[in-house]
Amino acid sequence: MDGESAEGSGMDLARAALAAARSRSRDGGAGWNGRRRTSTPGQRSGSGPDERDPQLLSAAIPRLIEDRGWTVPAAVGGVMGRWSEIVGGHIAAHCTPVEFNEGVLTVRTDSAAWATELRMLAPQLLAKLNAELGTSRAAHGGRDTAGAISNLKVVGPGGR
């Protein structure tokens, strides 16, 4: 095929498309149903709002947490942020939550004596922490957080 015949066939297609468009316009838009075309993947949505529009951070964060399955870890993080309020200032002065992973909350103490004390208090602390998480599915993106903290791992100042 030479360049002229390829160009000619492209020109023929363009002429045919133009003729078809003119014909439809003379027919008063036959085939036009008066409604907008429905969008297909990859097309722009038009002037109406959709999920791709810029979002307020306050609306985007909860959706991101829900989509990623971070609801329970985020709830536990909130509890960890209020640690001294929940466990009391006296206990909080000697121990700090450091990690939450697969239901286990790791707490580091400032002495071996406090590690021993906290291990004895673990059942009460677990109950208190899980009560703070609450059981409301609505409050945690449809996921039940009751008993989200299954174990309290206490480590002393040396990490043991």
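A salt bridge, as the term is used in these legends, is a side-chain nitrogen of Lys or Arg within 4 Å of a carboxyl oxygen of Asp or Glu. The views below are taken from a predicted model.

**View 1. Salt bridges around Arg-82.** The side chains of Glu-132 and Arg-82 meet in a salt bridge with an N to O distance of 2.3 Å. This pair links distant parts of the chain, since Glu-132 lies in helix H6 while Arg-82 lies in the loop between H3 and H4, 50 residues apart. Glu-85 counts as exposed at 58% relative accessibility, whereas Arg-82, at 31%, counts as partly exposed, as does Glu-132 at 38%.

View 2. Asp-12 forms a salt bridge with Arg-15, and their closest N and O atoms are 3.6 Å apart. Because the two residues are 3 positions apart in helix H1 (residues 3–26), about one helical turn separates Asp-12 from Arg-15. Asp-12 is partly exposed, with a relative accessible area of 48%, and Arg-15 counts as exposed at 51%.

**View 3. The largest nonpolar core.** This core has 24 residues, of which Trp-83, Leu-105, Leu-129, Ile-149 and Leu-152 touch the most other members. At least two core residues come from each of the helices H3, H4, H5 and H6 and from each of the strands S1, S2 and S3, and the largest share, 8 residues, is supplied by H6. When neighbours within four places in sequence are left aside, Ile-149 is in contact with residues including Val-76, Phe-100, Leu-105, Leu-126 and Leu-129.

**View 4. Helix H6 and its bend.** Helix H6 spans residues 112–133 and bends by about 60° at Ala-122, with a proline, Pro-123, following within four residues. Among the buried residues of H6 are Trp-114, Leu-118, Ala-122, Leu-126 and Leu-133. Just after H6, Gly-134 takes a positive phi of about 75°.

**View 5. A nonpolar patch on the surface.** Leu-57, Ile-61 and Leu-64 form a nonpolar patch on the surface, and together they have about 270 Å² of accessible area. Leu-57 is found in helix H2, which covers residues 57–68, and Leu-57 is exposed, with a relative accessible area of 64%.

Notes
Residues numbered from 1 in each chain as written. Predicted model: local features only at pLDDT ≥ 70, side-chain atom pairs only at ≥ 80, totals over all residues. Heavy atoms only, no water. Core = buried A, V, L, I, M, F, W, Y, C linked by side-chain atoms within 4.5 Å. Buried < 20%, exposed > 50% of the residue type's maximum accessible area, 1.4 Å probe, protein only. Contact = heavy atoms within 4.5 Å. Patch = residues over 30% accessible without salt bridge, like charges linked within 9 Å, V, L, I, M, F, W, Y side chains within 5 Å. Areas by Shrake-Rupley, 256 points an atom, 1.4 Å probe, with all protein chains shown as cover. Bend = angle between axes of the 7 residues up to and from the residue.
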